[in-house]
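Student: I'd like to talk through the aromatic rings in this one. Can we take it step by step?

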Amino acid sequence: NFSKILIYFYVISLFLAATTRLISIGNKIQVISIIEKIFNGITYAALFNIIINTFIHILKVFVTSFYKDESYLTHTLPIRKNELLISKYLSSLIIIFISFLVIITSFLIMHYSENLLTSIKVVLNSIIYNLQISSLGFILLISFLVFSQICAIISFAFTAIIKGYSYNRRKSFKSLLWFIVFYLSTMIATFLLIIAICAISGNFSQLFAAVLSQKVFLLLIYIALVTYTLIAFLFFFISKKIFNKGVNVD
């Protein structure tokens with residue numbers, strides 16, 4: 001379910017992006033150039049708010065559906081708890097996808113040009129030089145990395161809420177504490193895994209080099225991708241196990 005605030009931010013961001021692009025046509029005039037910069041800042045603020053409000057919306061809907069007044073209807077539906085949980089994961093990913101699509105579209109409306117495409121190609125080619133991977137392959141790899149990281153964040157956010165709301169008091173505060181614990185523990189585990197794999201592969205010294213070699217850079221991306229994917233699945237199964245034990249409805 002979409003909240004009105006998200007839809008408003010989508011419309012406002014696209015409108016501001018289009019307005020900024022129109023204003024930029026006359027940016028050779030000093031006054032118009034200043035106005036363009038102001039609209040640029042406002043548009044980026046709106047895009048940032050989309051990111052913040054998207055995650056707030058997801059967490060709010062999760063809590064409301066399972067632990068507030070709405071939960072009485074949710075838990076009486078002829079649907080298994082596993083299916084309820086999976087539906088929240090899928091709907092959250094859809095909302096995040098739409099939000100990022102709006103952000104990317106707004107950015108392209110503001111800045112799309114041949115020079116931008118050329119600059120992106122130059123940067124991309126400099127990154128993948130000697131990596132033995134195509135531009136498309138690298139873009140897909142980074143996309144999968146971002147997707148796996150988002151899935152991991154959703155997984156331990158939902159797990160933190162389920163764990164926090166299993167208590168009788170200060171549920172929101174304890175959910176936040178569990179989120180911090182899960183986040184820090186996963187970051188530490190990922191860091192230790194990177195050190196271990198680099199040490200085993202003989203690339204440990206590269207971690208402390210002024211500039212990472214391209215081989216190690218690609219290795220770190222693969223490690224992060226696998227780790228985030230495993231974390232996402234791990235916390236999903238943990239959340240499912242705790243959730244199936246029962247729910248304390250407010």
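Student: Which residue lies over the face of Phe173?
Tutor: Keep in mind that this is a predicted model. A charge counts as sitting over a ring if NZ of Lys or CZ of Arg is within 6 Å of the ring centre and within 35 degrees of the ring normal. At 4.6 Å from the ring centre of Phe173, the residue over that face is Arg170.

Student: And what lies over the face of Phe66?
Tutor: Here the distance from the ring centre is 5.4 Å. The residue over the face of Phe66 is Lys88.

Student: How many aromatic pairs are there?
Tutor: Rings pair if their centres lie within 6.5 Å. By this rule, the count of aromatic pairs is 12.

Student: Are the planes of Phe66 and Phe243 stacked, tilted or edge-to-face?
Tutor: The ring centres of Phe66 and Phe243 are 4.9 Å apart, with planes at 50 degrees. Under 30 degrees would be stacked and over 60 edge-to-face, so the Phe66 and Phe243 pair is tilted.

Student: How many residues apart in sequence are the parts this pair ties together?
Tutor: Phe66 lies in helix H2 (residues 30-67), while Phe243 lies in helix H8 (residues 214-244). Both Phe66 and Phe243 are buried, too. The parts tied together by Phe66 and Phe243 are apart in sequence by 177 residues.

Student: Is Phe237 buried, partly exposed or exposed?
Tutor: Buried means under 20% relative accessible area, and exposed means over 50%. Phe236, at 15%, counts as buried. With a relative accessible area of 46%, Phe237 is partly exposed.

Methods: Residues numbered from 1 in each chain as written. Predicted model: local features only at pLDDT ≥ 70, side-chain atom pairs only at ≥ 80, totals over all residues. Heavy atoms only, no water. Phe/Tyr/Trp six-rings, centres within 6.5 Å; stacked < 30°, edge-to-face > 60°. Helix = DSSP H or I, 4+ residues; strand = E, 2+ residues; numbered from the N terminus. Buried < 20%, exposed > 50% of the residue type's maximum accessible area, 1.4 Å probe, protein only.
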